[in-house]
Amino acid sequence: MPKPTDLLTRMQAAARLGLSVATLESWVFRGKGPAYLRTGERRGKVLYRAADLERWQREHTIRPSKST
């Protein structure tokens with residue numbers, strides 16, 4: 001179970017990823033983006049684990065190929 005200090009609000013997560021809060025909201029609605037936790041059922045608060053944000057960034061890092 002994550003420690004409370006490991007959890008970020010949507011605003012904190014957006015700032016960490018360099019995205020808007022609206023983008024994260026859209027991704028939650030569409031089932032995309034980094035993994036998140038919901039504190040309640042349907043209308044609960046959305047929280048992000050710092051480790052999940054870091055994992056998502058690693059998985060979406062594009063490494064350009066060397067052109068010859």
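The legends below describe close-up views of a predicted model.

**View 1. The three-stranded sheet.**
Three strands form an open sheet in the order β1-β3-β2, and their pairing is antiparallel. Strands β1 (7-9) and β2 (37-38) stand at the edges with a single partner strand each, so one side of each is left without a neighbour in the sheet. The pairing of β1 with β3 is antiparallel and extends over three bridges, and within it Thr9 has Leu47 of β3 as its bridge partner. On the other pairing, β2 is joined by two bridges to β3 (residues 46-49), again in the antiparallel sense, and here Leu37 stands opposite Leu47 in β3.

Helix α1 lies across β1 and β3, and its direction makes an angle of about 95° with β1. Arg10 belongs to this helix, which spans residues 10-17. Is Arg10 buried or exposed? With a relative accessibility of 19%, Arg10 counts as buried, because the limit for a buried residue is under 20% relative accessible area. When neighbours within four places in sequence are left aside, the contacts of Arg10 are Val21, Leu24, Glu25, Val28, Val46 and Tyr48.

**View 2. The crossing of helices α1 and α2.**
A pair of packed helices is described by the angle between their axes and by the distance between the axes. For α1 and α2, the axes come within 8 Å and cross at roughly 110°, and the two helices are therefore roughly perpendicular to each other. On the α1 side, the residues that meet α2 are Arg10, Met11, Ala13, Ala14 and Leu17, while Val21, Leu24, Glu25 and Val28 meet them from α2.

**View 3. The buried side of helix α2.**
Leu24, Trp27 and Val28 are the buried residues of α2. These residues cover an arc of only 100° around the axis, which puts them on the same side of α2.

Helix α3 covers residues 50-59, and within it Ala50, Asp52, Leu53 and Trp56 are buried. These residues span an arc of only 165° around the axis, which puts them on the same side of α3. The cover over the buried residues of α3 includes β1, α1, α2 (21-30) and β3. On the face turned away from this buried side, α3 carries the exposed residues Arg58 and Glu59.

**View 4. Asp52 and its surroundings.**
Asp52 has its place in helix α3 and is buried, its relative accessible area being 9%. The side chain of Asp52 makes a polar contact with the side chain of Arg55, at 2.6 Å. Which residues does Asp52 touch when those up to four places away in sequence are not counted? On that count, Asp52 touches Pro34 and Ala35.

Note on methods:
Residues numbered from 1 in each chain as written. Predicted model: local features only at pLDDT ≥ 70, side-chain atom pairs only at ≥ 80, totals over all residues. Heavy atoms only, no water. Helix = DSSP H or I, 4+ residues; strand = E, 2+ residues; numbered from the N terminus. Buried < 20%, exposed > 50% of the residue type's maximum accessible area, 1.4 Å probe, protein only. Contact = heavy atoms within 4.5 Å. Pairing = 2+ DSSP bridges. Axes fitted to C-alpha atoms, helices over the stretch in contact; angles between N-to-C directions. Arc of directions from axis to C-beta. Polar contact = N/O pair within 3.5 Å; in protein donor to acceptor, adjacent residues only side chain to side chain. Parallel < 35°, antiparallel > 145°, perpendicular 65-115°, else oblique.
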